[in-house]
Amino acid sequence: MDASDPVDAELTAQVAAAAPFAGYLGIEIVSAAPNEVRGRLAWSEEKCTTGGVLHGGALMGLADSLGGFCAFLNLPPDARGTATIESKTNFLGPIRGGYVDAITRPLHTGKRTIVVDTELYDDAGKLVARVTQTQAVL
């Protein structure tokens, strides 16, 4: 993902309305389709831990929000929604400024569960975290 990729303001507003925590964090949606959701989160001091490093919870919030959105786009026709039932994060590097870009893709889309994988990158394109989640189909 490139920092110049335009944000989809309408989709960002829809996601924030449906999932207020995404709006609270300031998550921006770049694109969304059943096979891939792209978004980003700006670094800001209030989202940091010591040393000006973006807090792992902010990174996990970004991944969980995009993962839930990706799962929603892959729900079976008779489903009512989705909920995260498991999440595993590997932190690989810090974010000390700029944006963290996220790309979420489905690994498994079943009738009872959906598994998604989210890769998080810094402005230089370096992988800084990877999150795998299982979403329950409700």
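**Close-up 1. Lining of the second largest pocket in the predicted model.** The second largest pocket of this predicted model is lined by F21, Y24, L25, E46, K47, C48, H55, G57 and A58, where a pocket is an open set of points on a 1 Å grid over the protein atoms alone, with a 1.4 Å probe fitting at each point and protein on both sides within 12 Å along at least five of seven lines, and lining residues have an atom within 4 Å of a point. About 150 Å³ of space lies in this second largest pocket, a volume being the space filled by probe spheres set on the points, which are joined across faces, edges and corners. α2 supplies the largest share of this lining, three residues (helices are DSSP runs of H or I with at least four residues, strands runs of E with at least two, numbered from the N terminus). Residues are numbered from 1 along each chain as its sequence is written. Local features need pLDDT of at least 70 and side-chain atom pairs count only at pLDDT 80 or more, whereas totals for chains, interfaces and linings use all residues, and side-chain values use heavy atoms, with hydrogens and water left out.

**Close-up 2. The largest pocket.** The largest pocket has a volume of about 350 Å³, and among its 16 lining residues A18, A19, S65, G68 and F69 lie nearest its centre. Two or more lining residues come from each of α1 (9-18), α2 (20-25), α3 (56-73) and β3 (82-91), with α3 giving the most, five residues.

**Close-up 3. The largest nonpolar core.** This core, a set of buried Ala, Val, Leu, Ile, Met, Phe, Trp, Tyr and Cys residues joined through side-chain atoms within 4.5 Å, has 26 residues, of which I27, L41, L62, V100 and L120 have the most contacts inside it. α3 gives the most to this core, with seven residues.

Close-up 4. The structure holds six salt bridges, each a side-chain nitrogen of Lys or Arg within 4 Å of a carboxyl oxygen of Asp or Glu. R40 pairs with E28, the closest N and O atoms being 3.4 Å apart; because R40 lies in strand β2 and E28 in strand β1, this pair ties together parts that are twelve residues apart in sequence. R40 is buried at a relative accessible area of 6%, whereas E28 is partly exposed at 23% (buried means under 20%, exposed over 50%, partly exposed in between, with a 1.4 Å probe and protein chains only).
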